[in-house]
Amino acid sequence: MADSVYRNGIFFDGSGKAPVIADVAVEDGRIVAIGRDLAVEAGVTEIDCRGLWVMPGLLDIHTHLDLEVELAPELPEVVRHGTTTVVMSNCSIGVTYGHQRRDGEDPIVDCFARVENMPKSVLKRVADACNWTDSQGYLDHLERLPLGPNVVPMIPHSMLRIEVMGLDGSVSGPPTPEELARMEQLLEAGMAQGYAGFSTDALPFHFLANAPNKKKRIPTQYAGFRELARLTEIVRCHGRVWQATPAKDDVFAAVRSFMLTSGRLYRRPLRTTVLAALDLQTSRSAMHLCLLLSSILNSRLLKGALRFQALSSSFRIWSDGAINPLADEIAAFRALNELELDDRTGRVRILNDPGWVESFRKMWLAGKGGGWSVARLRRRLRCETVVLSRRLDDMLVAECPLAHWVGESLEAPYRRLLAFQAANGRFPRARDAEAAFFAGFPDPIGDDAAFLLHLLRVWDTDLRWETTIANRNPATLRKLLFHDQTLPGFNDSGAHLANIGFYDGNLRTLKVAQWEGLAQVSRAVHRLTALPAAFFGLNAGVARVGAQADLCVIDPAALERWNPEETYHFLHRSQLGCRQVVNRPVGVVRNVMIGGRIVWEENRYADGFGERAYGRVMRAKDHPLEKHWS
């Protein structure tokens, strides 16, 4: 006897085939029948899906929810967006080996605070809860939580290094032969326990957050090629996934490491997913180089299995003063980021240091002046090496002490300041409060670098601004999302709580597809469900008889009306104890089922959500515990 049945929906099974009008019946956590006019007994819950899309629950393949799951294991922001399975422990960091606090070290706080822009107060609460000591203990712990979605942990390389070498040792040099052998043993154990993969990181702006290591990058970045090759060979032998990021500023190192995917060179392909293919505003070539590299590695010659992850939206970030997820890319900003968030005095001291000011001005003004220079040429051609654009007209004010600046780019008040100073303070368009503020600026201001420096000195983090660093062109975004060399899913859910809000990435992909008709929607569903599930080797992402009943119901009319750029807002998450940026489309996701039970319906969570488990810990589908779900 079925427990529930979805009636008359436009049904996508996740395979990419054209949708059909069908009913979907669920019993004891599984799909038991799919067809037209299914007969059910009295008392079965029937969900009318006429005119609605019914599809497998969506996958989020790049998250840092291994933190939030300790404080809010139901992961409410995930579920309300139709996502039913999340991959955790990306970018080499996680909580797989517990808090790892030894000899005064606090690795979870140290690794996450700057890399993922997480408040240290939140991270300390997470670390306090991490009382297991090994990878099996972590799986056992996750299975005791009242999970909302299914969770898929990986083995994170930085934490693996810390477990063997200690935090200080892991950022001080290569491992001894004995230490490398021990890392191999622990990774082998994780693969045998069913972990879906192994994550590393090489982005040059990922730094530790605690003294005395604030000028050092996270441990994975101190691994040489030999270490990487030996560890990924274990992943290859188990047929699991390697998640990586490129050495952005070292093309040779990036290409050499990604050659590890090659089945021609290493006997069998290593499934590799790389962060990320983006249409960067400062570098138009970055996206094309990623796609070219992937196509070469996946060619018949090299027989690789590499996919770049694609972000499903414009890359819109918020910054508090000079503090944002990308600031550590630039040495001048990095000095400010090394301080604690509440250390305003320390930042002002740096902002007034002549040597620092000189370095900042050199960076900020590079390529902006008249005359010919390599920096100016690179800037004009959009071939810069940094991600931030260094343009005031790209910096939109979100919050500041002068309310009428909110919604303007910083270019607008800068121009008013120039006019105010040219008129000797009699500029009629300057409001009283603004005129008083302008009177405190250096006169003449000189350039936009001096303007920004003064704002940071006076307002510090009271100046909150936003910018879009990538994916501004809808046509280019569509190309990335549906390119054969990419997987949609770089959402960073659960990280950068006050800076980005990409939980809605999967819905954005569906919206992009919607403009081209149901055939393209079917393709999008496949790329958000069965395709990533197959790549990660998971029992997820398909809606067929016998499969776990993870389902999502989308209202296409509400999806069409939704403007994602207008539904961002900030709220205080009591479970986390901090502010978070979220993006919550209204009415788009009508129903979500996980493990055969409805968790979200008509804009509300089910009774008992957060108190009992709906999702489960998913291991690689070749693990003995997954045979039941195959």
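Predicted model: local features only at pLDDT ≥ 70, side-chain atom pairs only at ≥ 80, totals over all residues.
In soluble globular proteins, nonpolar side chains tend to be buried together. In this model, the largest nonpolar core has 105 residues, and those with the most contacts inside it are Met55, Leu187, Phe258, Leu510 and Ile554. Helix α3, spanning residues 107-115, supplies the largest share of this core, with 6 residues. Apart from this core there is a second, separate one of 59 residues, which includes Leu278, Leu326, Leu463 and Phe502. Leaving aside residues up to four places away in sequence, Ile554 touches Leu52, Trp53, Met55, Leu507, Leu510, Leu559, Val588 and Val589. Two of these neighbours, Met55 and Leu510, are themselves listed among the residues with the most contacts inside the core.

Helix packing comes next. Two packed helices are described by the angle between their axes and the distance between the axes. Helix α21 (residues 505-514) and helix α22 (residues 518-528) have axes 8 Å apart and pack at an angle of about 160°. Angles over 145 degrees count as roughly antiparallel, and α21 and α22 are therefore roughly antiparallel to each other. The crossing of α21 past α22 is right-handed. On the α21 side the contact is formed by Asn506, Thr509, Leu510, Ala513 and Gln514, and on the α22 side by Gln520, Val521, Ala524, Val525 and Leu528. By type, the residues of this contact comprise 6 nonpolar, 4 polar and no charged.

Helix α22 also has other partners. Its buried residues are Gln520, Val521, Ser522, Ala524, Val525, Arg527 and Leu528. Besides α21, these buried residues pack against strands β5 (53-56), β6 (58-60) and β18 (486-488), and against helices α20 (474-481) and α23 (530-536).

The contact of α6 with α8 contains 6 nonpolar, no polar and 4 charged residues.

Finally, the backbone itself deserves a look. Most residues other than glycine have a negative phi, and most peptide bonds are trans. Pro444 sits in the loop between α18 (432-438) and α19 (448-459).

Positive phi values occur at Asp37, where phi is near 55°, and at Leu75, where phi is about 45°. Asp37 belongs to the loop between β3 (30-35) and β4 (45-48), while Leu75 is found in the loop between α1 (65-71) and α2 (76-79). Are these two residues buried or exposed? Asp37 counts as exposed because its relative accessibility is 59%, whereas Leu75 is buried, with a relative accessible area of 0%.

Notes. Residues numbered from 1 in each chain as written. Heavy atoms only, no water. Core = buried A, V, L, I, M, F, W, Y, C linked by side-chain atoms within 4.5 Å. Buried < 20%, exposed > 50% of the residue type's maximum accessible area, 1.4 Å probe, protein only. Helix = DSSP H or I, 4+ residues; strand = E, 2+ residues; numbered from the N terminus. Contact = heavy atoms within 4.5 Å. Axes fitted to C-alpha atoms, helices over the stretch in contact; angles between N-to-C directions. Parallel < 35°, antiparallel > 145°, perpendicular 65-115°, else oblique. Left-handed = near helix turned anticlockwise from the far one by under 90°. Nonpolar A, V, L, I, M, F, W, Y, C, P; charged D, E, K, R; others polar.
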